[in-house]
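Subject: A structure to look through

Hi,

Here is the structure I promised you. Have a look at it first, and then read on for what turned up.

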Amino acid sequence: MSNYHIDTRCVQAGYQPKNGEPRVLPIAQSTTYKYDSSETVGKLFDLAEEGFFYTRLANPTVDAVEKKIAALEGGIGAMCTSSGQAANMIAVLNICSAGDHFISTSTIYGGTMNLFGVTMKKMGIEVTFVDPDAPLEELQKEIRENTKLVFAETISNPSLVVVDLEKFATLAHSNNIPFFIDNTFATPVNCRPIEYGADIVIHSTSKYLDGHAVSLGGVIVDSGNFNWDNGKFPGLSTPDESYHGMVYTRDCGKAAFLTKARVQLMRDMGSTPSPNNAFLLNLGMETLHLRMERHCSNAQKVAEYLEKNEQISWVNYPGLKGNKYYDLAEKYLPNGSCGVISFGVKGGRDAAMKFMDSLQLAAIVVHVADARTSVLHPASTTHRQLNDQQLIDCGITPDLIRMSIGIESADDIIADIEQGLAKL
Ligand SMILES: *Cc1c(COP(=O)(O)O)cnc(C)c1O
C-alpha cells in the first residue's frame, strides 16, 4: 500500500480481504480466540508466532486500523488505545519512569498538560515546558542527563502554534533522545512528521481521523528509525523480567518500542479500544482526505471573513498571510493546516459568550475536528483547570473562541457568524 497516494491509503490500507472474505472490514466482536493446541497458544505468548490471543493486547479489527494508520504516517507499525490521553500516557511511560525528565512545548492540549505536569509529576517524572518558538540554543539548555524525550504538537490545540519540526528533531537527536509528536490537528493527510525527523507520532483519533465525533480513541505510531540501544533506555535494551526476560531491542528489532508498549504497558494498563470503535474509526478514515480538504478550505474562508470584520479583535489561523506561523505552515503544511481557528470578539469574555449563545448552525460542544461546525470557550471549559499564567503559556486569552469549522457550506457558516455578531 505504501506506493499508493495518501488518498488511496485512507480508503484501502489496513484491511485487504482475501478471496471470498467480506469486502468491508469486519467487526471481530470477541474478547478471545480459539486454538486447537496449547502449544500454539504458548508460542503466541512467547511472541514466537503471530496471532491473536486476547483482545486487550490485539484484535483483528483494531489490527487493521493500526495498519492503516501506520501506512498513513509512514511508520513501521502502530498501536491503538482507548483515547488520545491513553496514547500520550503510554508513549511517555514506555521510556520514562520515576527519576526521569522530559521536555514538552508549553503550547499543548490542556489534558496533556495536566497529564505531564501533574499526574506524571506525582509518579516522579518531571517535565520542563518550553516555548515552542525558542531558538535551538535556548532549548538545548533545558536538556539534562536524565532527559528522555522531546514532545510537541504539530499544530497546538487550541493556540494553533505550528512547531518547527526539524528544530525539535535536531534538539532530540543531537542528545540521543527521540522526538515525539502529537499530530492530531494536522492529520497524516496534511503532515507526516516522520518525514521531518519525528520518531514517535501520536494522535487523538477522536478528532479528524474519526471525523464524526462518534468514538474516542488514540494511537501511537512508531517510525522504526530511533536507535533505542544507546544506553539511555534500559527498559528497552535490558531484560524485561515481567515478560520472561525479553530484551526488546534484541528480540523485536525496529518494533522494540511498540512491542514493549503493547506487551508490557497495554497488558498492565488495559486502555484498549473496542473493536466496534475501531470499525467506526476505519469508516471515518476512509474519507479523511476528502474531509481535510474541505475543513481547510472552509476554515480559510471563515478566517479571511473574520479578519475583515470590525467586531472581531483578532484572528488566529496559520493559513492567514499575516499569521506568525504562516511560513512554518507553508513549509510543513503546504496543503492546508486544519479546520480549527480561534479569534476574539470585541467586548471580551462577555461578548464572546453572548456571540456563542446566538449561533444557530454552530453548536457549543466540548469537541473539535468533526464534520459539524462547533464553538468552544477554552478558558471556561477545556482549560479551566489552568491558572491565568498557565493559560497565557498555552497561548490562550480569556476572550478566545475556538471554532472548529466543519464540512458544511462555508457560506452558511459565515452567515451564521454574521447573524451572531449582529446580536452584539
Ligand atoms: C483531544 C486531544 C487529546 C486527547 O485525546 P482524547 O481522545 O480526548 O483523550 C490529545 N492531544 C490533542 C492535540 C487533542 O486535541
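A residue is called buried if its relative accessible area is under 20%, exposed if that area is over 50%, and partly exposed in between, using a 1.4 Å probe and protein chains only. By that scale Arg349 is partly exposed, because its relative accessible area is 37%.

Before going further, a word on where this comes from. The model is predicted, so local features need pLDDT of at least 70 and side-chain atom pairs count only at pLDDT 80 or more, while totals for chains, interfaces and linings use all residues. Residues are numbered from 1 along each chain as its sequence is written, and side-chain values use heavy atoms, with hydrogens and water left out.

Back to Arg349, which sits in helix 15 (residues 348-358). Helices (H or I, at least four residues) and strands (E, at least two) are DSSP runs, numbered from the N terminus. Which residues does Arg349 touch, leaving aside those up to four places away in sequence? They are His377, Ala379, Ser380, Pro398 and Asp399, where contact means heavy atoms within 4.5 Å. Asp399 is 50 residues from Arg349 along the chain, yet their C-alpha atoms are separated by 4.6 Å.

Seven strands make an open sheet with mixed pairing, in the order 1-7-6-5-4-2-3; two strands pair if DSSP finds at least two bridges between them. Strand 1 and strand 3 (126-130) are the edge strands, each pairing on one side only. On average, neighbouring strands in this sheet are turned by 20° against each other, direction ignored. For angles like this one, axes are lines fitted to C-alpha atoms (for helices, over the stretch in contact), and angles run from 0 to 180 degrees between N-to-C directions.

At one end of that order, strand 2 (residues 101-105) and strand 3 are parallel and share five bridges. Thr105 has Val130 in strand 3 as its bridge partner.

Five of its five residues are buried, so strand 6 is largely enclosed by the rest of the structure. Ile200, Ile202 and Ser204 are buried on one side, and Val201 and His203 are buried on the other. Strand 6 runs parallel to strand 5 (residues 179-182), with three bridges joining them, and Phe180 stands opposite Ile200. With strand 7 (residues 218-222), strand 6 pairs in the antiparallel sense over five bridges; here His203 has Val219 as its bridge partner.

Beyond residues up to four places away in sequence, Met79 touches several others, including Glu66, Ile90, Val219 and Met266. Lys67 is 12 residues from Met79 in sequence, and the two are 8.8 Å apart in space, C-alpha to C-alpha.

Helix 3 (residues 60-73) lies across strand 1, strand 6 and strand 7, running at about 125° to strand 1. Helix 11 (residues 256-269) packs on the sheet too, touching strand 1, strand 5, strand 6 and strand 7, and its direction makes about 25° with that of strand 1.

Finally, two helix pairs. Two packed helices are described by the angle between their axes and the distance between the axes.

Helix 3 packs with helix 12 (residues 275-285) at an angle of about 35°, with the axes 8 Å apart. In helix 3, Thr61, Val62, Val65, Lys68, Ile69 and Leu72 meet Pro275, Ala278, Phe279, Leu281, Asn282 and Met285 in helix 12. Thr61 is buried, with a relative accessible area of 0%, and among the residues it touches are Leu25, Pro26 and Phe279.

Helix 4 (residues 84-93) and helix 5 (residues 110-122) pack at about 45°, with axes 10 Å apart. That makes helix 4 oblique to helix 5, because angles under 35 degrees count as roughly parallel, over 145 as roughly antiparallel, 65 to 115 as roughly perpendicular and the rest as oblique. The residues that meet include Met89 and Val92 in helix 4 and Leu115 and Phe116 in helix 5.

Enjoy exploring, and write back with any questions!

Best wishes
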